[in-house]
Amino acid sequence: MVRPVRWRLSSAPLLEVVWDGERLLYQGASGETHYLNAAGSQVVARLHEGEATVDDLLAVLDPAPSAGAAEVLRRSQLEALLARLDELGIVIGTTTA
Amino acid sequence: MRVGDLDIDELARQVQRPCGIDVCIGPFLVNLQLGLTALLPVLWRMWGDYPLAVPGQVRDFHVRLDHHGWLRRWWRPQARFTVDGRSPFQPLAAAHHFPMLEWGLNWCVARRAHHLLMLHAAVLERGGRALVLPGAPGAGKSTLCTALAHRGWRLLSDEFGLVAPQHGRLLPLPRPIPLKNDSIEVIRAFAPEAEIGPAFTGTRKGTVAHVRPPRAAVMRMDEPATPAWVVFPRWQAEAPTRLEPLNRSDAFLMVAGNAFNYELCGEGGFITVARLVERCRCYRLGYSDLDAALGVLGALAETEP
């Protein structure tokens, strides 16, 4: 059985400000500043609370999800966001328990 | 004693000495030496209110404006700007002496003052609160800044918004304001009391003429101001005057993108910009009519708490 990827925030130093639900991140390791819209900001806020799977994060973004194509789209968008945050060194995905 | 307290002959004598003169310009102490004296009348006029430093203070920049080579005194004369003995850019026509000195000083500040966050912005103050006008070239920043400086706002700077990371306040750097091309006549008509120096034609920015910084601004150049508004101006012919609120995230990205040294300041740059945006109301201002733009900005100062 394939374990779902569990996502967590990297331990690299991160400065953040949140305004009107949007988030700006300063990543000390790269010296880069990143902007996250409200959805991206919610993902990071959830990861501050602890590790989460894509399903956990989807539940935060949309507590009453609809089935079908819209759900698939949301999932793929979230996975793309997590992949990008992973590339940037902001989050880390693991499959270990 | 101030530069203008010296008569022009004495100023000429002092700036041509090997030790030059030490002039306080905002938070910087500039040591100036001239081998090229053609700019003395305009220098005396534009820098007249700057205090001469008392001996023993630490100089920030040693700048010199000189003829470029022996032959160039007579054949197509050129001026060379040096800072601490190095010439950071190509010589220019000697007739462009004062603009070159001012551009050279801009270069010095932009390259050296990394203990401050440097915004490419005009800054003015009213009632203790500072209005920051970041602007790309062509946005009308200098014209708007000059107009405001002659309508009840104190000029802190036309070019550099210097934010001190320790307290987040803006440090004054009142320098001559370089008006370009059509702006020169716009300001002559708008503020006849503005003291405008000679027009330098054919510079890399077209015709440039400098507005002397108002005396009151120079006299108060040791008084920082608390940021209250960030307004991104955009002049466009025939555009209606429109002030639109900006959300903080957009304002942050625009301010950071506008700074000369945001990335160099690292974490401190992020914190300083965040604090600036946090304590300011942020807007975009589209305008074509100076009076209307000043009315809108004046209303901000009068109505916002």
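This is a predicted model: local features need pLDDT of at least 70, side-chain atom pairs count only at pLDDT 80 or more; totals for chains, interfaces and linings use all residues.
How many nonpolar, polar and charged residues are in the lining of the largest cavity?

Rolling a probe the size of a water molecule over the atoms shows where empty space is left. Here the count comes to one cavity of 30 Å³ or more, and about 30 Å³ of space lies in the largest cavity. To find the spot in your viewer, select I25(B), F28(B), V30(B), L105(B), V109(B), L173(B) and R175(B), the residues that line the largest cavity. Two elements of chain B, β2 (28-34) and α3 (97-112), each give two or more residues to this lining. That brings us back to the opening question: the lining has six nonpolar residues, no polar ones and one charged one.

Now for the cysteines. A search of the whole structure finds zero disulfides over all chains. Take C108(B): the nearest cysteine sulfur belongs to C24(B) and is 16 Å away, whereas a disulfide needs two cysteine sulfur atoms within 2.5 Å. C108(B) is therefore in no disulfide. C108(B) is also buried, with a relative accessible area of 0%.

With a relative accessible area of 0%, C145(B) is buried, because buried means under 20% relative accessible area.

Note on methods: Residues are numbered from 1 along each chain as its sequence is written. Chains are lettered from A and ligands numbered from 1 in the order in which they are written. Side-chain values use heavy atoms; hydrogens and water are left out. On a 1 Å grid over the protein atoms alone, a cavity is a set of points where a 1.4 Å probe fits but cannot get out, and a pocket is an open set with protein on both sides within 12 Å along at least five of seven lines; lining residues have an atom within 4 Å of a point. Grid points are joined across faces, edges and corners, and a volume is the space filled by probe spheres set on the points. Helices (H or I, at least four residues) and strands (E, at least two) are DSSP runs, numbered from the N terminus. Ala, Val, Leu, Ile, Met, Phe, Trp, Tyr, Cys and Pro count as nonpolar, Asp, Glu, Lys and Arg as charged, and the others, Gly among them, as polar. Buried means under 20% relative accessible area, exposed over 50%, partly exposed in between (1.4 Å probe, protein chains only).
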